[in-house]
Amino acid sequence: MRLRILDSGHSFGTKALFALIRTVSRQPVLDVVKLVKYRADFYGGPMQSVTHEAMRGPSTWSVGDRELMAAFVAQTNQCEFCTKAHAAVAQGAYRDEKKVSALLSELDTAAIEEPLRATLLMLGKLTREHVVKTDDMRAVLAAGASRQQIEDALAVCFSFNVIGRLADAFGFFVPGPKAFEAGAKYLLARGYR
Amino acid sequence: MSNIRQARKALTSRILEGEGKASPSDRRAAFNNSGLAEPLGTLVEQVARHAHRITDEDIAATRKSGLSEDQVFEIVVCAAIGQATRQYDTALAALEAATGKE
């Protein structure tokens with residue numbers, strides 16, 4: 001973590017919470033948790049409301065689909081922390097490790113529903129090029145995604161285009177798979193609030 | 001259908017208009033990726049365009065220019081949310097054009 005305040009500038013109560021998390025999970029506290037708990041009224045609190053609604057609010061996309069979108073956006077941004085973190089959550093939600101790694105490595109040929117594939121391709125373009133055109137949206141609609149599904153996917157994309165940038169700018173430490181598995185269990189049980 | 005409109009509005013107004021250690025004008029400039037003096041201007045552009053290339057030295061340069069860690073924290077947060085907002089708004093406009101719905 002490139003700013004010391006994000007590593008150790010938390011209040012006494014928050015530090016006690018971190019100690020509890022370390023004891024219960026037997027894993028280090030993920031840097032993303034340290035970020036959202038630092039001066040939570042400025043960024044963490046309001047951002048978690050956005051992310052929780054995008055990732056766990058009502059949608060015809062499943063939780064696994066949305067976690068996959070998060071991992072895909074992160075991968076497009078070359079954010080290692082978020083890619084690993086949300087691939088782990090998507091694997092837990094789908095109960096299918098191979099599906100997620102196949103999708104992240106070969107989206108064009110992976111065995112998934114066309115609306116989801118077209119949506120991911122559009123999110124990838126938006127994330128990479130910062131812009132999409134009317135024709136890009138027509139292609140997603142033609143593949144069978146509804147307008148509402150596209151809006152829901154854009155909400156996921158918004159959240160992870162924020163979080164991935166912060167992970168890379170602040171230099172999140174990338175831990176081993178066990179820490180991400182523990183984080184994934186928490187996110188599947190409790191969501192983002 | 002998920003709806004992040006209210007939550008996103010609350011987030012944006014908090015980071016731009018609420019209390020902070022960085023000035024409201026600097027936070028707004030970081031959000032807009034426009035009009036910041038160096039070295040902040042370069043850092044904000046990196047956050048917006050290729051955050052994965054940011055190094056320890058890039059962050060250290062902003063600290064050496066006299067900014068506190070809290071100020072750098074706020075500026076980076078505003079830059080990230082600003083860029084994600086521009087992407088989101090552009091995409092929603094394209095979707096509206098494709099569906100012909102307001």
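This is a predicted model: local features need pLDDT of at least 70, side-chain atom pairs count only at pLDDT 80 or more; totals for chains, interfaces and linings use all residues.
Me: Ok, which elements of chain B have the lowest and the highest mean pLDDT?
Reply: Helix 4 of chain B (residues 56-64) has the lowest mean, 95, and helix 5 of chain B (residues 69-99) the highest, 98.

Me: And what's the mean for chain B?
Reply: The mean pLDDT of chain B is 95, with 97% of its residues at 70 or more.

Me: What are the ipTM and pTM of the model?
Reply: The ipTM is 0.96 and the pTM is 0.97.

Me: On to the interface. How many residues of each chain are in contact?
Reply: On chain B there are 40, in contact with 46 residues of chain A. Helix 1 (5-17), helix 4 and helix 5 of chain B each supply at least two residues of the chain B side.

Me: Which of them gives the largest share?
Reply: That's helix 5 of chain B, with 22 residues.

Me: How do the residues on that side of chain B divide into nonpolar, polar and charged?
Reply: There are 24 nonpolar, eight polar and eight charged.

Me: Switching to chain A: how many helices and strands?
Reply: Chain A has 11 helices and zero strands.

Me: What share of chain A is buried?
Reply: 46% of its 193 residues count as buried.

Key:
Residues are numbered from 1 along each chain as its sequence is written. Chains are lettered from A and ligands numbered from 1 in the order in which they are written. Helices (H or I, at least four residues) and strands (E, at least two) are DSSP runs, numbered from the N terminus. A residue is buried if 20 or more other C-beta atoms lie within 10 Å of its own, exposed if 12 or fewer, and partly exposed in between; C-beta atoms are placed from the backbone. pLDDT is the predictor's confidence in each residue, from 0 to 100. Two residues are in contact if their C-beta atoms, placed from the backbone, lie within 7 Å. Ala, Val, Leu, Ile, Met, Phe, Trp, Tyr, Cys and Pro count as nonpolar, Asp, Glu, Lys and Arg as charged, and the others, Gly among them, as polar.
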